[in-house]
Amino acid sequence: MNKAERFFYNFIKANPRIKNVIRDVYQSIFSLLPVKQGTINDSLVSREGYFFGFHDKSPWCFDDTFLLANKFLIPNRKINKTDSIEVGIFKGGDWKEFVPLARTQSFNWQQGCFSQWVGQKKQIIYNSYDGLKNISIIIDIDGKEIKRFNIPVAAVSPDGKYALSYNFNRLAKYAEGYGYENGIDEEEEVMVPTQQGLSIINIETREIKKLFTVAEIAAIDPDPAMDGAFHFFTHCLFSPSGKRFVFYHRSIRDMNFVRTRMFSCDLNGEHKFIFPTAGMVSHIGWKDEKNIMSYCRVREKSDGYFLFEDESNNYQQVGEAAFTSDGHPSFSPADSKWFITDTYPNRFRLSRLMLFNLQANRRVDLAKLKQPLQFKNELRCDLHPRWNRAGTVICFDSAHTGTRSLCTLNVSEELKLNR
């Protein structure tokens, strides 16, 4: 965003409905103008008809031989209860050969079906629907079922021992684009649910334990701005060791005004910590065991990327001069010297893919890609960039070809040149 856009955005951002209408009109005008798009090198591979989902999980298995993907079977429209996607893997050179393994009705455009690798095993867990409720299933790379659990998963620990779960049915109403159309929220009209909450699954023993309810978290240092709102959980993510995790406590008032608090805790749901943010937290990525990056708002400053120390009120802003808008950060797996992030489409509908070197305080632009106008709101196609395990290739979703596509870009030379 330029300075004028930033000023106007800060003025209207408190009202999402008005913000979205003005943004759509603004972009529809400027998108008619010709713009140059492209990537920093010619290694881009676009797999049309496929996508992965969110930015905080790597779609590659532990040795980078297989790339997780979803094949969609419907056009770019709202998802209904009968729709499904294929879950599978790409293999071979540049991961170009797709092998379908399963099909699921538990998915959305932003996060797919939360398919993830289970630790160092070549096994995949994904969310599915059994005709009554959303569940999760583990399969091997031949599609053979290994285990199933009677609740869906949101995050799997790096060692593959644990998974976290919350209510995706509630998100279908209160967080458009992040829930599932199938299933029932039995507390749908309850503002602060007392039955549903955040659960942890022991993947080995299949034990499921509820750590706390939404009501219990809402009662911790309550924010008066959340009064009269509907509350829910979202955005769970384990630390690199798997000993702690973060999650969002969100509330929405009048189906318009959303506030977020970011918590961390241990695997027993204890030693909870509320990060010193101020009502807005969008996207996160663990840098290491004690530090987590978030695009958020803090009390002393406006929106930006901030690096927080877990269980401490210490934080620092990162790339203040380099970033003027929200994105989806994740750190390079080898040394965390770099993070990859993106932007939402600007007035020309161009999304940027960027690297940032924390030590050199330097940004490297990798791509500018134009997203068609029909990919907006809950149908949007955010880039959601993700690293491979070696930290040499980036995977992201994009609609710059005219359809939603799973893309990869080799960045090994850029990393060497900009050390």
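Reply: Let's start at a hairpin: in the one made by β13 and β14, with 5 residues between the strands, arginine 206 takes a positive phi near 75°. Keep in mind that this is a predicted model, where local features need pLDDT of at least 70, side-chain atom pairs count only at pLDDT 80 or more, and totals for chains, interfaces and linings use all residues. Residues are numbered from 1 along each chain as its sequence is written, and side-chain values use heavy atoms, with hydrogens and water left out.

Me: How do strands pair in general, and how many bridges link β13 and β14?

Reply: Strands of a sheet pair through backbone hydrogen bonds, either parallel or antiparallel. Here a strand is a DSSP run of E, at least two residues, and a helix one of H or I, at least four, numbered from the N terminus; two strands pair if DSSP finds at least two bridges between them. β13 (residues 197-202) and β14 (residues 208-213) are antiparallel, with 5 bridges. Across that pair, isoleucine 201 faces isoleucine 208 of β14.

Me: In what order do the strands of the open sheet run?

Reply: The order is β7-β8-β9-β10, 4 strands with antiparallel pairing. β7 (116-117) and β10 (145-149) are the edges, each pairing on one side only. Between β9 (residues 134-140) and β10 there are 4 bridges, and isoleucine 138 sits opposite lysine 147 in β10.
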